Amino acid sequence: MKMNIKKILKELTLEEKASLCSGADFWHTKAVERLAIPQIMVSDGPHGLRKNDEDSANPQEAIKAVCFPTASALACSFDRNLLTAMGKALGEECQAEKVSVILGPGCNIKRSPLCGRNFEYFSEDPYLASEMAAAQIKGVQSKGVGTSLKHFAANNQETRRMTVNERIDERTLREIYLAAFEGAVKQASPWTVMCSYNRINGYHSSQNKWLLTDVLRNDWGYDGLVMSDWGAVDDRVEGIKAGLDLEMPASFGKNDKMIVDSVNNGKLNMKALDKCVERVLKLVDKAEDSRNTCEWDMEAHHELAAKIAEQCAVLLKNDDDILPLNKEEKICFIGEFADKPRYQGGGSSHINSFKVTSALEAAKDFCKVEYAQGYITTEDKTDPKLLEQAVECAKYNDKVVIFAGLPESFESEGFDRSHMRMPECQLELIREVSKVNKNIVVVLHNGSPVELPFFDDIKGLLEVYLGGQAIGKAACDLLFGKAVPSGKLAESWCMKLEDNPSYLNFPGVGDEINYSEGIFVGYRYYDKKKMEVRFPFGYGLSYTQFEYSDLVISENEISDDQTLTVSCNITNKGKMTGMEVVQLYVGDKESSVSRPVKELKGFEKVSLRPGETKKVFFSLDKRAFAYYETAINDWFVEYGEFEIMIGSSSRDIRLSGSVYVNSKSKLPVQFTFNSTVGDVLSCSEGREVFGGFIEKICCSMFDSAVSGIGMDMAMAMIREAPLRGIITNDSRPEINRVWLQEMLDKLNAMLEE
Ligand code: BGC
């Protein structure tokens with residue numbers, strides 16, 4: 001630490017303090033020359049460096065840099081090391097360009113496939129999202145550059161993103177929408193967190209004390225800085241009180257004045273302001289202290305982008321082993337994306353790539369391929385000439401690879417999609433080509449799932465998402481078998497949009513939206529409802545095959561303060577070296593609250609030569625078994641048997657076993673006159689206190705009231721009645737309110753022990 005922050009805090013005037021709490025321009029913090037406080041620069045993020053000068057926010061004017069695969073692709077790698085490697089490369093670029101904080105990664109949950117910004121987010125699963133984000137953050141920050149984990153929290157749609165009010169219950173927030181951030185914050189301590197635009201349960205994230213202070217700092221122990229998303233500030237003074245340290249970009253002094261006035265008129269406590277200023281100073285100090293001269297090699301980073309993209313692509317169909325392609329055959333590439341790949345999304349993350357490798361160019365390393373453009377991307381209109389050329393081309397080639405997907409106008413930051421369809425002109429192209437050639441492989445470029453009406457007409461499907469500037473090379477290496485696909489889907493693909501759990505509540509009515517599906521997002525929903533999906537979460541094929549064996553679960557029973565170790569063997573049974581993503585899911589076999597059938601709690605990616613076997617280990621702690629219990633504001637494990645499932649996808653479980661988990665904590669239960677008979681009888685203490693009493697009452701009650709019903713039915717009915725019903729239905733005078741109160745006191749005392 002170079003700055004004496006305590007001393008500086010004493011020397012700063014109120015006006016200077018207020019000024020430090022907002023940006024100087026679009027990308028810089030403010031300096032205070034008098035006290036030698038420098039300014040630092042921040043830039044987007046998340047999958048490349050978009051460095052603009054102070055006044056420009058136009059991505060086209062940014063410096064030339066490398067566009068790595070977007071998060072939509074990255075998460076499919078299920079590879080922490082790869083994300084860290086990318087993070088290191090980004091860190092080097094930032095150091096060389098004197099950028100102190102890169103704005104990313106984004107770990108919002110993919111609630112709906114329609115969210116225009118899904119390409120910038122990792123997954124529908126919070127555990128996967130947090131692991132990916134943590135790995136990226138560790139990489140960037142190892143180079144002395146900060147990250148900004150964004151958009152905190154629940155920024156799951158672009159429609160009315162700055163005003164929408166999301167009604168989300170706390171359990172859902174904690175288990176799904178916040179959990180993705182929690183893991184990344186706790187594991188990787190991002191230098192900064194960026195608050196989201198939206199409101200949650202009535203509060204703008206930029207002034208939500210519960211979110212920014214109670215949860216982020218107090219519950220999770222975060223000690224970094226919170227900045228606003230660009231323009232997310234509603235009431236700056238409320239923001240200071242809530243723990244929003246830095247407003248970005250500049251408010252041209254207007255909000256600074258509001259802060260000064262509020263301190264002067266007693267509406268804002270100086271202590272609250274000091275806390276924010278201190279965190280700004282700490283960030284500036286850390287950034288300056290970590291500054292070094294770093295050189296980076298653009299070409300080497302381009303190669304890295306290709307390597308990463310290769311491990312992100314997901315092989316979704318490979319009938320008759322159409323892939324890898326045989327170089328000796330006649331092959332044609334069809335579709336504009338073969339020549340001009342769509343490899344990144346629109347908006348603030350748009351990188352000014354120093355070069356782009358197309359598949360058409362990369363194919364030259366393998367063999368001669370013919371090319372037909374097939375469709376245009378400027379509008380969704382069939383060009384009859386291009387279509388005819390493509391069909392002709394397909395006729396006399398052995399194999400046809402169609403490069404298709406979503407043009408930029410279909411999905412971007414700033415708006416949501418209204419459907420999941422691909423452009424009609426591309427669908428028509430695939431339809432017509434499939435009439436003349438049965439050997440079709442489709443390579444898809446898109447940031448989020450699409451409907452696949454042509455699925456049965458093609459033999460191969462390779463999903464590359466928005467795979468970065470080197471995607472053409474990665475795609476060709478995979479198509480021609482120089483590399484073996486190893487990506488797995490980080491999101492479920494529903495058959496049709498209407499199947500998605502958010503369908504009835506997306507994007508809301510006016511500014512209001514209810515997250516009524518609760519925790520049942522993605523596979524948590526499809527599994528619970530036993531629904532057919534196009535592709536399940538975690539799915540992806542390889543050119544080789546893997547066998548799973550020898551599941552070992554370290555204990556039969558543990559308590560929730562212990563760690564369980566699980567291991568299994570993976571063997572490559574095929575003929576090519578390949579990588580498998582081994583996935584571990586946990587399911588509570590019986591639960592009194594509604595829980596998903598299974599949840600991802602571990603994954604490892606292993607590389608295996610043909611015939612090779614490796615042992616994979618997982619360790620599971622309390623969180624792997626717990627749900628968030630609002631009655632105790634904490635995570636809670638309900639005693640019982642949990643299933644441990646290991647598989648190649650969420651719907652391809654190869655090994656399973658179970659473990660009993662005991663809870664170290666108890667839920668506070670207090671019974672009252674209005675507790676139901678069923679609730680009392682479901683706990684052992686309740687059964688002890690009320691003994692066979694209720695049964696007796698039940699018999700007598702139903703004997704007299706309803707003739708001819710059996711004891712089972714009578715008991716089932718009385719279980720739903722409140723305890724106060726017992727006293728009114730028993731003719732004995734000693735069974736009265738005083739008696740019931742005594743019984744309840746005894747029971748509640750036992751439960752407190
Ligand atoms: C985006 C952020 C981005 C910021 C700066 C905002 O509109 O939501 O993700 O970091 O702009 O460009």
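Helices (H or I, at least four residues) and strands (E, at least two) are DSSP runs, numbered from the N terminus. The model shown in these views is predicted: local features need pLDDT of at least 70, side-chain atom pairs count only at pLDDT 80 or more, and totals for chains, interfaces and linings use all residues. Residues are numbered from 1 along each chain as its sequence is written, and side-chain values use heavy atoms, with hydrogens and water left out.

View 1. Eight of the nine residues of helix α17 (residues 471-479) are buried, so the helix is largely enclosed by the rest of the structure. Buried means under 20% relative accessible area, exposed over 50%, and partly exposed in between (1.4 Å probe, protein chains only). The buried residues of α17 are Ile-471, Gly-472, Ala-474, Ala-475, Cys-476, Asp-477, Leu-478 and Leu-479. They pack against α12 (298-312), β11, α14 (359-362), β14, β15 (440-445) and β16 (460-463), where contact means heavy atoms within 4.5 Å. Just after α17, Gly-481 takes a positive phi of about 80°.

View 2. Tyr-465 lies in the loop between β16 and α17. This residue has a positive phi of about 50° although it is not a glycine. Tyr-465 counts as buried, at 1% relative accessibility. Most residues other than glycine have a negative phi, and most peptide bonds are trans.

View 3. Tyr-543 is found in the loop between α18 and β18 (546-553) and is buried, with a relative accessible area of 10%. Not counting residues up to four places away in sequence, Tyr-543 touches Leu-315, Asn-318, Leu-323, Pro-324, Leu-478, Leu-479, Gly-481, Ala-483, Val-484, Pro-485 and Met-576. Two of these contacts, Leu-323 and Pro-324, are joined by a cis peptide bond with omega about 0°. Pro-324 is placed in the loop between β10 (314-318) and β11. Tyr-543 and Met-579 are 36 residues apart in sequence, and their C-alpha atoms are 9.8 Å apart in space.

**View 4. Aromatic pairs.** The structure holds 23 aromatic pairs. Rings of Phe, Tyr and Trp (its six-membered ring) pair if their centres lie within 6.5 Å; planes under 30 degrees apart count as stacked, over 60 as edge-to-face and the rest as tilted. Phe-333 and Phe-403 form a tilted pair, 4.9 Å centre to centre with 55° between the planes. Phe-333 lies in strand β11 (residues 331-334) and Phe-403 in strand β14 (residues 399-405), so this pair ties together parts that are 70 residues apart in sequence. Phe-333 is buried at a relative accessible area of 0%, and Phe-403 is buried at 1%. Tyr-523 and Tyr-585 form an edge-to-face pair, 6.0 Å centre to centre with 85° between the planes. Tyr-523 belongs to helix α18 (residues 523-528) and Tyr-585 to strand β21 (residues 578-588), so the pair ties together parts that are 62 residues apart in sequence. Ring pairs also link Phe-78, Tyr-127, Tyr-523, Phe-537, Tyr-585 and Phe-603 into a cluster.

**View 5. Cysteines without disulfides.** The structure holds zero disulfides, a disulfide being a pair of cysteine sulfur atoms within 2.5 Å. The sulfur of Cys-476 is 8.7 Å from the closest cysteine sulfur, in Cys-367, which is too far for a bond. For Cys-425, the closest cysteine sulfur is in Cys-393, 18 Å away and likewise too far for a bond. Cys-476 is buried at 0% relative accessibility, and Cys-425 is buried with a relative accessible area of 4%.

**View 6. Pro-449 in its loop.** Pro-449 lies in the loop between β15 and β16 and is buried, with a relative accessible area of 2%. Its contacts, not counting residues up to four places away in sequence, are Pro-113, Arg-417, Met-420, Glu-491, Ser-492 and Trp-493. The C-alpha atoms of Pro-449 and Leu-114 are separated by 8.6 Å, although these residues are 335 apart along the chain.

**View 7. Asn-633 between two strands.** Asn-633 is located in the loop between β24 (627-629) and β25 (634-636). Asn-633 has a positive phi of about 50° although it is not a glycine, and counts as exposed at 53% relative accessibility.
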